[in-house]
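Let's walk through this one together, from the overall layout down to single residues. Have the viewer open as you read.

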Amino acid sequence: MNGSLVGSYVVPVHPHPLLVPEQNEGWSRLRAAFDEARDAIKESGADLLIIYSTTWPSIIGHQIQADPNPQWTLVDQDFHDLGSMEYSFNIDAEFAEAWNEANHNRGLQSRTVAYHGFPIDVGSVVALKLLNPDNSIPAVIVSSNVYANRSETTVLAKACLDVIKGTGRKAVAVTAMSMSNRMFTEFIDPSEDRIHSLKDDEWNRKVLEFLEEGRLEDVAQLSRTIHQQIRVQKVVTFKPMWWLSAMNDNRNNLTGRVLAYEALHGAGGAVIQLNPTSSGKGDKEYDEDDVEYYKGERNVLDGGGDSIEIEAPSSSSTGPALWEPPEGKGAVNSDAAPKPVGMYPHARQVGDLLYLSGVGPRQPGTNAIPGGPIRDDEGNPIEYDIKAQTRAVVENIARILEEAGSSMDKIVDVTSFLVDMDRDFAGYNEVWAETLGHYGPTRTTLAIRALPTPIAVEMKVIAKI
Amino acid sequence: MAKGSIVAGCLAPHPPHLVYAENPPQNEPTSEGGWEQLRWGYERLRESLSKIDHDVLVLLSPHWQTYVGTHFLGIPHFEGLSVDPVFPNLFRYSYDMNIDVELSKAIHDKAKDSGLAVKMMENPDFRVDYGTITTGHMVNPAFDKPLVVISSNRSTHYYSVEVMQEMMMELGRVTREAIEESGKKAVILASNSLSHRHFTTESEVPEDMSKEHIASHAMHLWDMRIIDYMRTGQAQRILDEMPEFTEQAIAESDGGGLTWLLSTLSVPDYPAILHGYGTIIGTGNAIVEWPCHANKGDAQ
């Protein structure tokens, strides 16, 4: 299977573009942008629409809609005078269940819901009715957990990607959200609608500028600031960008287009398209840690500890024994790097040169393999993410260099080993370009039959001190 | 026409767990009970209200959240299925209720005259929120008295607790005036809990009471402090400390219901009756009655 995300969209949550676009020129332009997004999604050949909606808050983890054909008539709690929204959706219940299971595998609390009359939220209804009016593309909807932090939201996306890749789907990710979300607190004439304040408008335009440059991860890392600046507290935080960025491998070089940006009773409503094609722009300005498994405070009811034990991947139980790296003349060892699988140090210094032992993606402490192992306990090949593995290798290299007093910009030469050159070279090369490639070391890439642990990539590095 | 009056004011929280635990015929999921301390509290409240002649229940629900003004249900009859979006495993309830549109409109009009942004909700497809239904059921499971249902304006989060209180004090005042002018006897219901920090996990058996407790000691202290003010007739101190309480206890008083209730009762200085206190997935819930019919005749 070789599923992937073929596009991403940000869409507003209020019902005006659906119910009364003719009442305001801006609402009409938003409707036209929805229509353009609808056509682009169809042309992309997508076979799955994934909605992350800020108007579906949840408390007990995340909830995923799993009723194959939910039907109801929705009326907005505020804008009930604009009309009713009758809906009947085509939900991919099988995908929903698989996503729920993938969440659990990554340590997340989540559950599916499949109840007649379940109140599908206004953001999801507006998005699905306008982006997928004929229900030709199966959809899945996930809630926005009110207590979820960035790591939980990121892992939610990675679990979703696990299923997309494992099932070979061509998916489109949609966040139903406002930009600034401060509405006028009084009733206004539709013709008088505008963004609530100049400050909200300026922030919205800055966020849109970033997204138009494809800098999704930068926006995700600014989410807390954006929330403080232009969001009404406690309504919904700006967390959908965490999810959307993780769905896009935390990239900053997407191809972005703002299809429309208008006011919706004072709130900022935008239809934004983010294409996975690299724009070649968008250097990262921020550098938050990535996370693969959620280990947050979940056992409140049991009172038995602060974290869930995440079962280590199969590689740790069936792979080669781990060694304490030996000390010796010039040896450099780091607690922040994975333990070696033999009696050798992480690196050795000779003069002003540092020779690193082969570095793989295994995580220090847990021995987990970001992107997943390449085979199961029985040796059967399984799906894995070469880009996630390659990023983890680079991060391990950085930790060892830091321990030695060196840094990434002092790397002189790299020899890379791939176990499947045909499958993995492109992904590995993409991550290289985003990371090590910036520093300009020489490089040699070799195909080999196997590595000692179930990993797909390893690098041998020589750097200056 | 005789002057109307408020005959009782109640803090009547709405966790759907309480309906689930009762296994009423209107609710589809079934349970083995649970949360008895609170359900016994509601029994005592029902018993108390059964002895007080009243025509209408006037309720403010924090789960009908409106950002643009305060809204009122404006159609005489609502029925349908309510599924809790957060706890759909517990609450799938077939409701059937009548609305006192005349009184709703009277409060609406007075609120409008006093400068509040208000709107009548007249879309027949509208689904009544589960907070209204849960409190309505726990207070009057037969739903044989009409309701006035008022939305929760989210001014706390748009502005501050102080602004919310100013608006809710005014809404409470005009609610009281409208009731008095209507000639009706009304019970006021604020459908909110106290401290409101949830657990983020649920027991495999949701009604497993061995797992139920307050989310933290700080939440317990705040709940007891507020309840003590209620029991000793110090409603003004509740209003004075509302900003700190709402912030530090993440209290559901953010929805304005408690302030509105105390305002309708003219900020009572007589003791309230605590019918019950308990926790639900970590949140603090108190069932409290201000028996204003027995104090000063009514709330003046």
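This is a predicted model: local features need pLDDT of at least 70, side-chain atom pairs count only at pLDDT 80 or more; totals for chains, interfaces and linings use all residues.

Residues are numbered from 1 along each chain as its sequence is written, while chains are lettered from A and ligands numbered from 1 in the order in which they are written.

On confidence, the predictor gives the complex an ipTM of 0.92 and a pTM of 0.77. Chain B has a mean pLDDT of 95, with 98% of its residues at 70 or more; pLDDT is the predictor's confidence in each residue, on a scale from 0 to 100.

Now for chain A. It splits into domain 1 (4-275) and domain 2 (314-464), with bounds that come from an automatic or database domain assignment. The C-alpha centres of these two domains of chain A sit 37 Å apart.

Inside chain A, 53% of the 465 residues count as buried. Buried here means 20 or more other C-beta atoms within 10 Å of a residue's own, exposed means 12 or fewer, and partly exposed is in between, with C-beta atoms placed from the backbone. Among contacts in chain A with a separation of 6 or more, 77% join residues 24 or more positions apart; a contact needs C-beta atoms, placed from the backbone, within 7 Å.

Chain A has twelve helices and 16 strands, which are DSSP runs numbered from the N terminus (helices are H or I with at least four residues, strands E with at least two). Six of the strands make an open, mixed sheet in the order 11-12-13-16-14-15. Strand 11 (331-332) and strand 15 (442-447) of chain A are the edges, each pairing on one side only. Pairing takes at least two DSSP bridges between two strands. Strands 13 (353-356) and 16 (457-464) of chain A run antiparallel over three bridges, and A:Y355 has A:I462 in strand 16 as its bridge partner.

Next, find helix 9 (240-247) of chain A: eight of its eight residues are buried, so it is largely enclosed by the rest of the structure. A:W242 and A:W243 are among those buried residues. After helix 9 of chain A comes A:D249, with a positive phi near 60°.

A:R257 belongs to strand 9 (255-264) of chain A. It counts as partly exposed because it has 16 C-beta neighbours inside 10 Å. Beyond its neighbours within four places in sequence, A:R257 is in contact with A:E212 and A:Q273.

Finally, where do the chains meet? The contact takes 33 residues from chain A and 28 residues from chain B. On the chain B side, strand 2 (56-66), strand 4 (77-83), strand 6 (118-121) and helix 5 (155-158) each give two or more residues.

Key
Two residues are in contact if their C-beta atoms, placed from the backbone, lie within 7 Å.
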